[in-house]
Amino acid sequence: MNPRIPAVLESETKNYLKCPECSSRIGSVDHLKEGTRFGIWYCQSCGTAVSGTVLKTGIDIVVHDDERSTPSLTLLRTSHPLSTGDYVYIVVREVLFPGFNSPEHLSYWYNEHSCPTNYLGLQIFEGCNSDPHGLLQWVDTIKRPTTEEYQAMSEASSGIKGFDETDLSWDNLLALFPRLQVVLDLDDGIDVKPKLVGLGLTGE
Ligand SMILES: [Zn+2]
């Protein structure tokens, strides 16, 4: 029998900037050298906007109320149905910057401008193309509901259990994203309501 020996353990300390409003982690600061100015950075939980300066003794930050962003949920789906006729739907958690909320702006951002890697958090290949813009199409963006708002929605729609963005079903998607029904109505073909074949929750 192989001998049992004590394991060697190693600890590592990482420093994160915490949100001055909700205490969530905004970002890692270990890579910033003394004298560096950074930001504006956004809290992904509450939308608080901060910039900062790295000093010898610590980090000073400034909260920018005029740049505060809105925590949001965005529903995307594949540009084309799979061979089965179904689409894959993905929900992205993000923050929306001030003034960045029109359907024109959002559809341009997701359909054409942004690299899918940025909001999926993983590298996607389409053949040899490692940055396939247009892979996913924008369906709808909403302000991310608070816990209380989820509770109210859950009570209002009996039968929908565990109503939040981490426990998604087709009914939840339809209730959360009003524009989804509009997009489904515009779909060509006889089967107006494509089946939900996949669901991802990304962005954090
Ligand atoms: Zn926050």
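1. Burial. Of the 204 residues of the protein chain, 18% count as buried. Buried here requires 20 or more other C-beta atoms within 10 Å of the residue's own; exposed is 12 or fewer, partly exposed lies in between, and C-beta atoms are placed from the backbone. This is a predicted model: local features need pLDDT of at least 70, side-chain atom pairs count only at pLDDT 80 or more, and totals for chains, interfaces and linings use all residues. Residues are numbered from 1 along each chain as its sequence is written.

2. Elements. The protein chain has five helices and nine strands. Both are DSSP runs, numbered from the N terminus: helices are H or I with at least four residues, strands are E with at least two. From the N terminus on, the order is β-β-β-β-β-β-β-α-α-β-α-α-α-β.

3. Contacts. Take the contacts in the protein chain with a separation of 6 or more: 52% of them join residues 24 or more positions apart. A contact means that two C-beta atoms, placed from the backbone, lie within 7 Å.

4. Main core. The largest nonpolar core has 14 residues. Such a core is a set of buried Ala, Val, Leu, Ile, Met, Phe, Trp, Tyr and Cys residues joined through C-beta atoms within 7 Å. Leu75, Leu76, Ile90, Val91 and Val139 have the most contacts inside this core. Strands β6 (70-78), β7 (87-96) and β8 (136-143) each supply at least two of its residues. The largest share, five residues, comes from β7.

5. Leaving aside residues up to four places away in sequence, Val139 touches Leu75, Leu76, Arg77, Phe177, Arg179, Leu180 and Val183.

6. The three-stranded sheet. An open sheet runs in the order β3-β4-β5, with antiparallel pairing. Strands count as paired if DSSP finds at least two bridges between them. β3 and β5 are the edge strands, each pairing on one side only. Neighbouring strands are turned by 25° against each other on average, direction ignored. The axes behind that angle are lines fitted to C-alpha atoms, for helices over the stretch in contact, and angles run from 0 to 180 degrees between N-to-C directions.

7. β3 to β4. Four bridges join these antiparallel strands. Tyr42 stands opposite Ala49 in β4. The two strands form a hairpin with six residues between them. Gly47, in the turn, has a positive phi of about 90°.

8. β4 to β5. Five bridges join β4 (residues 49-54) to β5 (residues 59-63), again antiparallel. The bridge partner of Thr53 in β5 is Asp60. This hairpin has four residues between the strands, and Gly58 takes a positive phi near 160°.

9. A cis peptide. Which peptide bond is cis, with omega near 20°? The bond runs from Gly39 to Ile40.

10. Ser23. Phi of Ser23 is near 70°, a positive value in a residue other than glycine. Where is Ser23 found? Ser23 sits in the loop between β1 (16-18) and β2 (25-28). Ser23 is exposed, with 11 other C-beta atoms within 10 Å.
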